[in-house]
Amino acid sequence: MAMPALLFEVETHVEESIARLEVNVEHILSDVSDIKTDVRRLSDKIDNVDQKLTGKIDAVDHKLTDKIDAVDQKLTDKIDAVDHKLTDKIDAVDQKLTGKIETVDQRL
């Protein structure tokens with residue numbers, strides 16, 4: 001008769017352990033559910049921040065591109081003006097020198 005009593009005590013202990021494990025699993029499931037909810041909220045916040053930052057970055061990109069294009073145009077215009085002035089001066093010097101060379105050639 002000693003064996004059945006010992007077996008009964010082990011079964012009771014196992015049942016109590018299973019009951020405690022089930023309670024712990026319920027808490028874990030509840031915690032996981034809370035974590036999922038928090039992750040979803042964070043995901044939405046991250047998406048909103050991403051949209052805001054993308055919009056701001058695009059706006060800054062457009063502003064800088066416009067400014068760079070304006071500076072490029074100003075510099076191009078100035079370079080073209082300097083090019084024309086120098087070309088005109090070089091042409092004038094070329095004509096003077098050509099004239100003088102021709103005069104020297106005629107004298108020789």
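Arg41 and Asp38 both belong to helix H1, where three residues, about one turn of the helix, separate them. Helices here are DSSP runs of H or I with at least four residues, strands are E runs of at least two, and both are numbered from the N terminus. The side chains of Arg41 and Asp38 form a salt bridge at 3.4 Å, N to O. The term requires a side-chain nitrogen of Lys or Arg within 4 Å of a carboxyl oxygen of Asp or Glu, and by this rule the count is one salt bridge. Asp38 is partly exposed because its relative accessible area is 38%; buried means under 20%, exposed over 50%, and partly exposed in between (1.4 Å probe, protein chains only).

The model is predicted: local features need pLDDT of at least 70, side-chain atom pairs count only at pLDDT 80 or more, and totals for chains, interfaces and linings use all residues. Residues are numbered from 1 along each chain as its sequence is written, and side-chain values use heavy atoms, leaving out hydrogens and water.

Ile57 is also a residue of helix H1 (residues 2-107). Ile57 counts as exposed because its relative accessibility is 56%.

In the protein as a whole there are one helix and zero strands. Of its 108 residues, 0% count as buried.
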